[in-house]
Amino acid sequence: MDTKIEKKKVFLPDAMIEYAQDGIVSKEFVTTDKGGITLFAFDKGQRLSEHSAPFDAVVTIVDGKAKITIDGEPFIVSKGEMIIMPANHPHSVIAEEKFKMLLTMIRG
């Protein structure tokens with residue numbers, strides 16, 4: 001599978017990354033001083049523990065379903081849905097089933 005991400009070309013994010021058994025895989029699309037776009041694939045049971053970031057982050061689920069907790073409030077986010085994790089608010093991500101998400105970080 002060719003995983004090179006080309007500019008000015010239509011692609012399916014879901015096809016750009018594979019699941020890893022008992023793991024989390026990430027693929028960075030873009031990183032600048034203004035933000036970044038990263039694709040993640042979580043196997044069932046994997047998690048990102050509670051943390052916060054100094055800038056907003058937009059999560060778009062491209063496959064499966066995730067439980068995202070922000071300020072202690074859980075949200076179930078499914079394929080095609082998005083949620084914004086606000087800057088400086090604690091959040092965590094749990095893969096209750098395997099899922100893929102596109103994370104867009106917005107600095108500034």
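I looked up Glu96 first: in this predicted model it is partly exposed, at 46% relative accessibility. Its side chain meets that of Lys67 in a salt bridge, 4.0 Å from N to O. I noted that Lys67 is also partly exposed, with a relative accessible area of 24%. Lys67 sits in strand S4 and Glu96 in the loop between strand S7 (91–94) and S8, so the pair ties together parts 29 residues apart in sequence.

I then checked how many salt bridges the structure holds, and found two. The other entry I made is Asp14 with Lys100, whose closest N and O atoms are 2.8 Å apart. Asp14 lies in the segment before strand S1 (24–32) and Lys100 in strand S8, so this pair links parts 86 residues apart in sequence. Asp14 is partly exposed at 29%, whereas Lys100 counts as buried at 5% relative accessibility.

Next I went to the nonpolar cores. The largest has 16 residues, and Phe42, Val59 and Ile61 are among those with the most contacts inside it. Strands S2 (35–42), S4 (56–70), S6 (82–85) and S8 (99–106) each give two or more residues to this core. S4 gives the most, with six. I listed the contacts of Phe42 beyond four places in sequence; they include Tyr19, Ile24, Leu48, Val93, Phe99 and Met101. I also recorded a second, separate core of seven residues, including Met16, Phe29, Leu39 and Val62.

Last, I looked at Thr38, which is found in strand S2. Thr38 counts as buried because its relative accessibility is 15%, under the 20% cut-off. Leaving out residues up to four places away in sequence, Thr38 touches Ser26, Lys27, Glu28, Phe29, Met101, Leu102 and Leu103.

Terms used:
Residues numbered from 1 in each chain as written. Predicted model: local features only at pLDDT ≥ 70, side-chain atom pairs only at ≥ 80, totals over all residues. Heavy atoms only, no water. Core = buried A, V, L, I, M, F, W, Y, C linked by side-chain atoms within 4.5 Å. Buried < 20%, exposed > 50% of the residue type's maximum accessible area, 1.4 Å probe, protein only. Helix = DSSP H or I, 4+ residues; strand = E, 2+ residues; numbered from the N terminus. Contact = heavy atoms within 4.5 Å.
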